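Thanks for coming. I have one structure to go through today, so please look at the sequence and the model on the screen.

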Amino acid sequence: MAITLTVNAAKKIQAQLAKNGKGLGLRVGVKKVGCSGFAYTFDYADEVGAADQVFESHNTMLVVDALSLPFLDGSHVDFVKEGFNETFKFDNPNAASECGCGESFNLKKTTTAP
C-alpha cells in the first residue's frame, strides 16, 4: 500500500508546517459526507499513532489512519492553484466519480466502506 505526493504538494506541506511552527507532516483521511458519499480530510500530524501508516515523498511525511488507508491506497496527491483557489487534489484509483462541486467522491464497487 502506498500514497505519494508531488513536489508541489510536498513544498506546500513543508511551508504550512513551518508557518504553523510544529507538526510532523500532513494527516489525510476520509469521512462519510457530501452528495457522493465520502470526502477527504486534512490536518496537521503532530504524532503518529499505533494504527497509522506513514508514507514519505520528497522529504515530507504523510500520515494515514488504518480505516482510511483502503480508500486512499494508490493515490497520488498534488497541490494545485485554480484561479483564486488552492487545494490538495487526489488522483485516487479507488474513486469511481466525484460530485459536481468536487467536495466528495464515491467508491468503486470493489472498495467497501467500513
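This is a predicted model: local features need pLDDT of at least 70, side-chain atom pairs count only at pLDDT 80 or more; totals for chains, interfaces and linings use all residues.

Which residues of helix 1 are buried? They are A9, A10, I13 and L17. Seen down the helix axis, the buried residues fall within an arc of 100°, so they line one face of helix 1. On the face of helix 1 turned away from the buried side, the exposed residues are K11, A18 and K19.

What does helix 1 lie across? It lies across strand 1, strand 6 and strand 7, and it runs at about 80° to strand 6.

Those three strands form an open sheet, in the order 1-6-7, with mixed pairing. Strand 1, residues 4–5, and strand 7, residues 85–91, stand at the edges with a single partner strand each, so one side of each is left without a neighbour in the sheet. Strand 6, residues 76–82, runs antiparallel to strand 7, and seven bridges join them. As a landmark on that pair, F79 stands opposite F88 in strand 7.

Next, the loop between strand 7 and strand 8, where we find N92. Is N92 buried or exposed? Its relative accessibility is 8%, and the cut-off for buried is under 20%, so N92 counts as buried. What does its side chain touch in the way of polar contacts? The N92 side chain makes a polar contact with the side chain of S75, at 3.4 Å. Setting aside neighbours within four places in sequence, N92 is in contact with Y40, F71, L72, S75 and F105.

Now to strands 2, 4 and 5. Strand 2, residues 25–33, pairs with strand 5, residues 60–65, in the parallel sense over four bridges. In that pairing G25 stands opposite M61 in strand 5. Strand 4, residues 52–57, runs antiparallel to strand 5, and the two are joined by six bridges. There, Q53 has V64 in strand 5 as its bridge partner.

Strand 4 and strand 5 form a hairpin with two residues between them. What do the backbone angles look like at H58? Phi of H58 is near 50°, which is a positive value in a residue other than glycine. N59 also has a positive phi, of about 60°, although it is not a glycine.

As for accessibility, H58 is at 43% and therefore counts as partly exposed. N59 is at 68%, so it counts as exposed.

One last distance. N59 and G25 are 34 residues apart in sequence, and their C-alpha atoms are 9.8 Å apart in space.

That is what I have. Questions, please.

Terms used:
Residues are numbered from 1 along each chain as its sequence is written. Side-chain values use heavy atoms; hydrogens and water are left out. Buried means under 20% relative accessible area, exposed over 50%, partly exposed in between (1.4 Å probe, protein chains only). The arc is that of the directions from the helix axis to the C-beta atoms. Two strands pair if DSSP finds at least two bridges between them. Contact means heavy atoms within 4.5 Å. Axes are lines fitted to C-alpha atoms, for helices over the stretch in contact, and angles run from 0 to 180 degrees between N-to-C directions. A polar contact is a pair of N or O atoms within 3.5 Å; within protein, one must be able to donate a hydrogen and the other to accept it, and residues adjacent in sequence count only if both atoms are side-chain atoms.
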